[in-house]
Each structure stands twice: as C-alpha cells, then as structure tokens.
Amino acid sequence: MIEELLKQMTLKEKIGQLAKLSPYFLIEELEKEAAGPIKELNLDTEKIFSIGSILGVRNAEEMIKIQERYLKRSRLKIPLLFMGDVIHGFKTIFPVPLAIASSFDPETARTIARVSAREANVSGLHLTFSPMADFVRDPRWGRVVESFGESKYLLGEFAKAMVEGYQEEQQGGERLGACVKHFACYGASEGGRDYNTVDVSRVWLHNYYLSGYREAVKAKTKAIMTAFTLFEGVPCTINRYLLRSVLREDWGFEGVTISDYDSLQETIKHGVSLNQEDAAKNGIAAGLDIEMASVCYLNHLEKLVKSGEVKIELIDEAVLRILKLKEDLGLFADPYRGASPKKEKEYLMHPDHLAKSEAVARDAIVLMKNNGVLPLRKNAKLALIGPFVTNRLTNGPWSWHGYNDENNSLADVFIKNNRQMTLAKSGSDLNDYTPEDLQALKAADIIILYLGEDRKLSGEAHSLTNISLPDGQVRLYQLARKLDKPTVVILQNGRPMVLEDILDCDAIMETWFLGSRSSEAIHQTLVGENNPSGKLPMSFPANIGQIPVYHDHLLTGRPVTDPENPGEYESRYLDQENNPRFKFAHGLSYSTFSVTDLRLDKDEMEKDDQIQLKVRITNHGPYPGKETILLFLTDHFARISLPVIELKQSQKIFLKTGETREVEFTITLDDTMYYLGDGSRVYDKGDFTVHVGTNMENLLNAKFRLI
Ligand code: BGC
C-alpha cells in the first residue's frame with residue numbers, strides 16, 4: 001500500500017514527509033499571522049501543511065485538533081506522526097534514567113516504558129525520543145542523568161528493555177514507537193562540555209560507544225536520532241560511515257533516522273556544510289530521513305532534485321521508511337490512534353502507575369555509607385535541614401509533561417507518618433536558619449541533611465566543572481557535625497559528585513531524582529520499610545582531576561602493582577590514588593549478604609560449548625531484601641588490549657532473612673567476544689578469569705580456558 005501511495009506523491013509532498021516541526025506552526029491563530037518564525041524560516045502554508053511529523057503535543061485534544069486541521073488540507077490524507085520526549089514517564093514520573101540503572105534490574109526499565117507508553121499514547125503521542133543509549137564516562141556532562149551509566153552491559157540491557165517496553169502492544173492497544181538516541185558517541189563530548197568535540201577511535205566506537213544503540217536496534221527500535229557531535233571530524237547527522245555503513249549495512253536497520261534538534265542546520269556551524277542547501281545534500285546522501293526543527297530539506301531539496309544534484313531515489317527511500325513507520329504505528333488505519341481525552345482522565349497518574357513509580361524509586365536508592373544509624377530508630381527525634389526538605393520538585397530534568405505540584409516533599413511525608421521532628425526547614429546556607437532553628441537542631445537526636453543539586457544543574461546544556469557540594473551546603477553540614485549528633489546525608493543529584501566534604505558523616509543515601517513518589521520512597525528507606533538494594537551505575541570520583549575514572553579501564557604496560565606502595569614509573573597520579581572514591585556497583589543493604597561456593601562445571605570450553613556457573617548467596621539478615629549478583633570477566637590475552645575486568649551478566653534476586661539460594665549463570669562464547677576497529681566481532685582462544693560477587697570488592701574468582 002505505501003509503495004502505491006509513494007507513486008501518487010508529488011515531489012513537494014515527498015519532501016514534506018521529511019520535515020518535522022513544532023505544533024506551533026499548525027495552530028490556527030499563528031497561521032493567520034504568517035509572521036515571526038514562519039517568515040524567518042521562509043515557510044509558507046503549503047510547506048507547513050505538507051510536513052510529516054510534529055514535535056511535542058500537550059494532550060489528546062491538541063493532537064486531535066491538529067490532525068483534523070492537517071488532514072482537511074492533505075490531498076493524500078497522510079496522517080501526521082506525533083513525537084515527543086517521554087524520558088522517564090509522561091504524567092506519572094519515574095526515577096531519572098541514571099537512577100533506573102541504579103536498580104541494576106532492567107525489568108524496572110520495562111515497567112517504566114510500559115506505563116509511559118500507556119499514558120503518552122492516550123495523550124496523542126506515537127513515538128518517544130527515548131531511550132538515550134549514550135555511553136558515558138564523564139560526570140561533568142549534564143546528560144549523564146539521562147544515561148544508564150558507565151557499564152556497556154547495563155547500558156545495552158536497559159536500552160533493550162526500554163525499547164521493548166515502549167513498543168509492546170498493551171491491553172488497550174497502547175504502545176509507543178521508540179527512538180534511541182544520540183547516534184553516536186554524544187557521551188564522549190570532550191571535558192564533559194555539552195555539544196563539544198568528540199574524538200573516539202573505531203575500536204572504542206565498536207566495543208563501547210555503540211553498545212547501547214546496537215542493543216536497541218536488535219530490539220527493533222522504530223527510529224534512531226543522530227548526535228549533535230562529530231565522528232571522525234564529520235557531524236554524526238551527515239556521517240555516512242555511521243548512518244550507512246554501520247547502521248544500514250552492518251546492522252541491517254530498516255527504521256527511520258531523525259536528526260537532533262536543528263542538528264542538520266548546525267553542520268554549517270561545524271564548518272562541514274557550506275550552507276543550508278549543502279546541508280540538505282549532505283543529510284540525504286548520508287541517509288538522514290527526518291530533519292528536526294530546521295528546514296534545510298523543506299526549502300532546498302526540491303531544487304536539488306530538479307537540478308539533478310540529488311537523486312530522487314534517495315528521497316523515495318527516506319519517504320518509504322517514514323510511511324512504513326506510520327503504517328507500523330497504525331496511523332493509516334486510524335490517524336488518531338490512541339488519543340483519547342476520556343482515557344486520559346482514567347490513565348494519567350493512575351494509582352497503579354504511581355505505585356509502580358514508588359516501587360522503582362525504592363529499588364533505585366543507593367545506600368553509600370551507613371555506620372548503623374540507619375534505619376532510623378523508631379522514636380528518634382529528627383531534624384531535617386538542607387535545600388530540599390520542603391521541596392516538591394522531585395521529578396528532575398526531562399519531565400515536562402509531568403507536574404510536581406502533586407508530589408509530596410520529604411517534610412510532608414514525615415509529618416503524615418507522625419515522625420517526631422524538632423525541625424523541618426529548607427535552607428541552602430547557615431543564614432537561612434534562625435537561632436531558634438539552631439536550638440531545634442540541638443534538641444534533635446539525629447540530624448538529616450537533604451543536600452545535592454538543584455534539578456536545573458543536570459540535563460542537556462548543563463555541564464559543570466565543579467561537581468562538589470555548594471559551599472553553603474558544606475557549611476550546613478559542618479554545623480551539624482559540630483553539634484556532635486549522628487548525621488545522615490540524603491543526596492539528590494543528576495550525576496556522580498565529589499563528596500569529600502561530607503565523608504565523615506554517619507550515613508549517605510543517594511536518591512538521584514526519584515520522580516512522583518520520591519519522598520515516600522526515601523522515607524520508607526530511612527525507616528527500614530524498604531531495604532535498599534541500588535548500586536552505583538557510575539564511579540564517584542575523589543576529585544575532578546581523576547575524571548574519567550571507571551571500573552572497566554584497559555590494561556596498561558605499567559600498572560600500579562601495590563597501591564600501598566606504588567612504584568615511581570607506574571600509571572598513577574602523584575597526589576591521588578587511581579581508585580574512585582566510590583566504585584561502580586557500590587551499594588549497601590541493611591542486611592549482610594554473602595556469596596560463597598563458586599563452581600564451574602568445566603574449566604575448558606570449546607566455541608560452541610557453554611559453562612554452567614553456580615554460586616550460593618545467603619541473606620544473613622536482619623531484613624529481607626534484594627541483592628544483585630554480578631559476573632565479570634577478564635580476558636588475559638587478545639588481539640587488542642581489553643578491560644582489566646568487564647561486567648557481562650547480572651541477576652537481581654530477593655532473599656528472605658536467613659535464606660540461601662543457588663544462582664546459576666551460563667557462560668557462552670558470546671561473553672568472550674569483542675570488536676576490532678573494522679566492526680568485526682571476534683574471540684581469541686586462551687585464559688579467562690570469571691569474577692562473581694555483589695560489588696567490586698571481595699569477588700570470588702575462577703579460571704577457564706577457551707579452546
Ligand atoms: C535533545 C534531544 C531531544 C530533542 C527534542 C534536543 O535538544 O538533544 O535529546 O530529544 O531536543 O526535544
């Protein structure tokens with residue numbers, strides 16, 4: 001059917017399909033004015049009413065109105081496709097992606113994607129710009145909050161689960177197309193500065209940076225968004241190696257490619273396209289199907305085709321993919337598919353959705369330090385201070401469909417639960433507190449400081465060079481320490497931070513941005529109704545100079561052999577040890593778990609063979625709880641240098657107090673494979689060490705040989 005449709009389309013109609021604009025352009029009142037941005041962009045109503053997709057609508061009513069107006073004018077009645085950023089929830093907001101990854105359980109991502117798809121689809125959206133599968137290693141980059149952290153294994157698992165969760169059809173028929181982003185290597189922006197230069201080798205590209213997008217493509221993501229940044233000097237949006245060789249030829253991707261916001265036009269600023277016309281030519285030649293926000297295609301492709309500079313086949317191939325996407329998403333059958341003001345009332349912020357958000361939030365909390373002060377004693381008198389105590393803005397970055405007003409602050413939840421409090425007051429520095437407040441602090445048994453970053457300090461275009469706590473917050477902390485009371489720090493932040501100023505506190509609880517039910521989940525964890533099970537998906541550096549610091553670094557010819565007594569000509573700093581302050585996968589529980597009795601069923605494996613690995617895990621109490629068992633590998637000899645240790649598999653399980661379980665893993669050739677710079681996937685025979693444990697310390701080891 002779509003092939004037939006393509007034949008009927010004029011060149012103008014085809015080019016229209018490649019354009020995506022904001023709904024603003026199709027709203028009646030503005031059209032009459034035909035001024036402002038419409039004029040600036042050199043658009044007319046014919047062009048506007050030929051476009052193929054829309055970026056962002058607020059609700060079903062708005063979508064229906066726009067679709068109706070558009071279809072009235074559309075000769076071939078090709079429906080508009082509505083896309084938007086649904087990143088960690090639509091109205092019901094879930095923890096931010098970095099927090100989702102802290103759960104170390106990809107099933108949480110699937111839950112989030114399903115609820116998001118339900119809510120967003122009834123509100124008129126068909127495709128979301130999620131998941132962000134950028135591989136990250138630099139906490140200065142504001143967008144690490146949108147990422148799944150530094151492990152390529154976790155990244156791949158979470159990206160896959162998100163794509164499947166969005167795209168799976170639900171009972172009411174709801175689903176969303178996924179658009180994985182930002183292809184490729186956006187997370188490698190130099191110095192963590194957003195939009196900055198990227199220089200990544202092909203070996204690192206294939207082994208690390210592509211991992212997340214590759215899994216999303218395998219999970220059949222409908223679309224992929226290009227990065228603002230460069231690969232080998234060429235902007236990703238017009239990069240033929242990435243868009244044609246890797247994506248189409250190697251991976252067989254048949255879905256749609258979309259530029260990032262204005263990123264086709266920005267190839268001019270990169271100095272790689274001469275002007276808009278050249279950008280249009282470069283984009284279509286590279287295989288970029290949809291141009292977001294800028295209008296190089298809309299204003300220049302017609303002329304380029306007519307002059308023979310761009311072959312019509314290139315346009316047809318892109319249009320066909322877009323029509324196929326619309327067909328797949330059910331838009332030809334029903335241009336309003338999903339949108340329902342009635343269902344919006346029923347679904348949005350449904351109690352079941354909020355309960356799911358709370359459950360994920362509980363699983364995402366990472367207990368980083370605890371000398372026994374947590375869980376809080378039942379009748380302890382508490383004082384709550386710091387900038388976020390009475391704050392309801394817990395949704396975090398990239399949650400603009402959600403509203404914070406219905407969230408509870410931590411103080412609200414403490415009051416509701418009748419906790420004894422001598423003080424619960426927000427303040428960022430000493431002078432926000434009065435002498436009476438000081439008296440109230442002195443009267444408390446335990447001081448809880450709710451510290452960290454404002455939600456505006458992470459996300460796109462929010463990079464930082466200083467990732468320590470602000471001075472005012474440190475002064476508050478020092479005041480609390482001076483009072484000689486047990487001190488608990490709750491952190492809210494969108495990135496790993498340098499925490500040197502608060503290391504001597506009694507407990508640190510990392511909560512990131514937990515969404516609609518943040519305060520409930522934090523309270524439950526503080527009082528022991530939830531046993532924390534989250535782990536850090538990124539290393540926390542001891543200082544800025546250590547960055548990048550991550551667990552799966554490569555071998556060096558001069559490693560530090562004895563950290564207590566390092567040699568002179570070894571790979572190290574003179575003023576700081578190599579280990580981060582808090583390692584990847586660090587996270588405590590209120591229980592003690594032990595992992596024992598590691599067994600492999602054989603110590604040699606042929607290429608088509610597999611090894612069964614078994615290990616016992618015990619919860620020694622005193623609480624029931626979840627724990628994650630991690631399986632790392634070290635490959636001792638390969639054609640290229642590989643990481644000293646690399647996470648390959650994990651399992652999160654629940655254990656009652658005193659319970660022991662046997663956990664099984666299967667090691668196959670797949671776990672031993674890696675990529676060469678030309679993109680081929682290979683393995684080498686030889687020795688491997690497998691390491692199993694619940695964090696990076698005290699791992700049990702066994703050896704096997706691939707023969
Ligand atoms: C961001 C994308 C986002 C797009 C549309 C861009 O600025 O980089 O991640 O999907 O805007 O909102």
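Okay, so how are H8 and H9 oriented to each other, roughly parallel or roughly perpendicular? Keep in mind that what we have here is a predicted model.

Two packed helices are described by the angle between their axes and the distance between the axes. Helix H8 covers residues 106–122 and helix H9 covers residues 152–167; they pack at about 30°, and their axes are 7 Å apart. Angles under 35 degrees count as roughly parallel, so H8 and H9 are roughly parallel to each other. The crossing of H8 past H9 is right-handed.

Who touches whom? On the H8 side, the residues include Pro106, Ile112 and Ala117, and they meet a set in H9 that includes Phe158, Met162 and Tyr166. Sorted by class, that contact has nine nonpolar, three polar and four charged residues.

Now for another pair. Helix H10, residues 202–209, packs with helix H11, residues 211–218, at an angle of about 55°, and the axes are 6 Å apart. That makes H10 and H11 oblique to each other. From H10 we have His206, Asn207, Tyr208 and Tyr209, meeting Ser211, Tyr213 and Arg214 in H11. By class, that contact splits into three nonpolar, three polar and one charged.

Last stop, the ligand. The residues around the ligand include Asp85, Phe129, Lys181, Trp398 and Glu460. Let's zoom in on some oxygen atoms of the ligand. One lies 2.7 Å from a polar side-chain atom of arginine 143. For histidine 182, a side-chain N or O atom is 2.7 Å from a ligand oxygen. And glutamate 460 has a polar side-chain atom 2.8 Å from an oxygen atom of the ligand.

Definitions and conventions:
Residues numbered from 1 in each chain as written. Predicted model: local features only at pLDDT ≥ 70, side-chain atom pairs only at ≥ 80, totals over all residues. Heavy atoms only, no water. Axes fitted to C-alpha atoms, helices over the stretch in contact; angles between N-to-C directions. Helix = DSSP H or I, 4+ residues; strand = E, 2+ residues; numbered from the N terminus. Parallel < 35°, antiparallel > 145°, perpendicular 65-115°, else oblique. Left-handed = near helix turned anticlockwise from the far one by under 90°. Contact = heavy atoms within 4.5 Å. Nonpolar A, V, L, I, M, F, W, Y, C, P; charged D, E, K, R; others polar. Near = heavy atom within 4 Å. Polar contact = N/O pair within 3.5 Å; in protein donor to acceptor, adjacent residues only side chain to side chain.
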